[in-house]
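Subject: A structure for you to look at

Hi,

Here is the structure I promised to pass on. Have a look at it first, and then read my notes below.

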Amino acid sequence: MSRDKSKERSYTSARKRAEKQGAGYTASYLRLPDGAQLFKPKSGTMLLDILPFTAGKGNPWADEDMLHWERTYWAHRGIGANNGTFVCPRMSSKQPCPVCEFRLQLMKKNDEENEQLVKDLSPKQRQVFNVINLKDPDKGIQIWDISYHLFGKVLDARLRNSDEEDGWDTFFFLEGGLTLKVGFAEKSYAGASFYEVETIDFKPRREDYDEDILKKVYCLDRLLVVPTYKDLKDTFLEATDKGKDKEEDEDDEPPKKKSSRDEDEDDDEPP
């Protein structure tokens, strides 16, 4: 190939691929910005600062432009031939979800044989955070994606049971915020290991954060990859035939009427 012809080609970035692979990049439900890394817990005690970000549209716990500290979302796991994880459109963005519709049909049958499948298909609550690991500060701001039942549930309990004068609910404030002393324990389920939060303590921060940090944190609301109704249905049913005619494609449209039954996600979530 001549040198002139080779100049016309564009190359991929080996560095970007290596960074995303090393960060545990998951394309099916999180869209990580270039250079972003996922926080990975380890057994023992870790000192973590959770930082606020300017909320975008659709955050269930914050109005747009408010400073918030987490993004709650719900995901379906074990979807398709590759057992992928996908954001639930119904629970996360109030859009129709083919997996929830299929699950609802199974629930109406009230068949004992489908009890486990109904449980497996339930949307699982998860959270994403901007976090700095004070024991490894050189990594800067990392994105922490974790099941609500492995961390957020413990944190909520600590905040509910605290005294108002403790001020623990301001742990994410830039000024006067608190460092979380988190105790992680390694556990296993179905042959896979994971880390569960056992203890959370609140410690005064060594120093406050400047407003400039808000330019460096990630807008967590923009990280979620919400699949379209058709794409999720195709993956769920493995309907990959692209040669369907227009009449057949009508079945890929979400139903116009919503069910009055709006079941919650399963609280008993395996990791």
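Of the contacts in the protein with a separation of 6 or more, 62% are between residues 24 or more positions apart; a contact here means heavy atoms within 4.5 Å. Before you read on, please note that this is a predicted model, where local features need pLDDT of at least 70, side-chain atom pairs count only at pLDDT 80 or more, and totals for chains, interfaces and linings use all residues. Residues are numbered from 1 along each chain as its sequence is written, and side-chain values use heavy atoms, with hydrogens and water left out.

The secondary structure comes to 8 helices and 9 strands. These are DSSP runs numbered from the N terminus, with helices being H or I of at least four residues and strands being E of at least two. Of the 271 residues, 42% are buried. Buried means under 20% relative accessible area, exposed means over 50%, and partly exposed is in between (1.4 Å probe, protein chains only). The accessible surface is about 16800 Å², and 45% of that belongs to carbon and sulfur atoms. Those areas come from the Shrake-Rupley method with a 1.4 Å probe, and for residues only the protein chains shown count as cover.

Now for the charged pairs. Side chains of opposite charge can pair when their charged atoms come close. The whole structure has 7 salt bridges, each being a side-chain nitrogen of Lys or Arg within 4 Å of a carboxyl oxygen of Asp or Glu.

- Arg205 pairs with Asp49, with the closest N and O atoms 3.5 Å apart. Arg205 is in the loop between strand 9 and helix 7 and Asp49 is in strand 1 (residues 44–51), so this pair ties together parts that are 156 residues apart in sequence. Both Arg205 and Asp49 are buried.
- Asp201 pairs with Arg158, and their closest N and O atoms are 3.4 Å apart. This pair links distant parts of the chain, with Asp201 in strand 9 and Arg158 in helix 6 (residues 152–160), 43 residues apart. Asp201 counts as partly exposed because its relative accessibility is 36%, and Arg158 does too, at 30%.
- Asp136 pairs with Lys139, the closest N and O atoms being 3.6 Å apart. Asp136 is partly exposed at 27% relative accessibility, and so is Lys139 at 45%.

What about charges on the surface? Lys135, Lys181, Lys203 and Arg206 gather in a positive patch, while Glu175, Glu207, Asp208, Asp210, Glu211 and Asp212 form a negative one. Patches are made of residues with over 30% relative accessible area and no salt bridge; like charges are joined within 9 Å, and nonpolar side chains (Val, Leu, Ile, Met, Phe, Trp, Tyr) within 5 Å. Lys and Arg count as positive and Asp and Glu as negative, while His and the chain ends are not counted. The place of a charge is NZ of Lys, CZ of Arg, CG of Asp or CD of Glu.

Arg206 sits in the loop between strand 9 (192–204) and helix 7 (229–237), and Asp208 is in the loop between strand 9 and helix 7 as well. Arg206 counts as exposed because its relative accessibility is 75%, whereas Asp208 is partly exposed at 45%.

Last stop: helix 7. Which of its residues are buried? They are Tyr229, Leu232, Lys233, Asp234 and Phe236. The buried residues of helix 7 pack against strand 4 (71–79), strand 5 (84–87), helix 3 (89–93) and helix 4 (98–109). Just after helix 7, Glu238 takes a positive phi of about 55°.

Cheers
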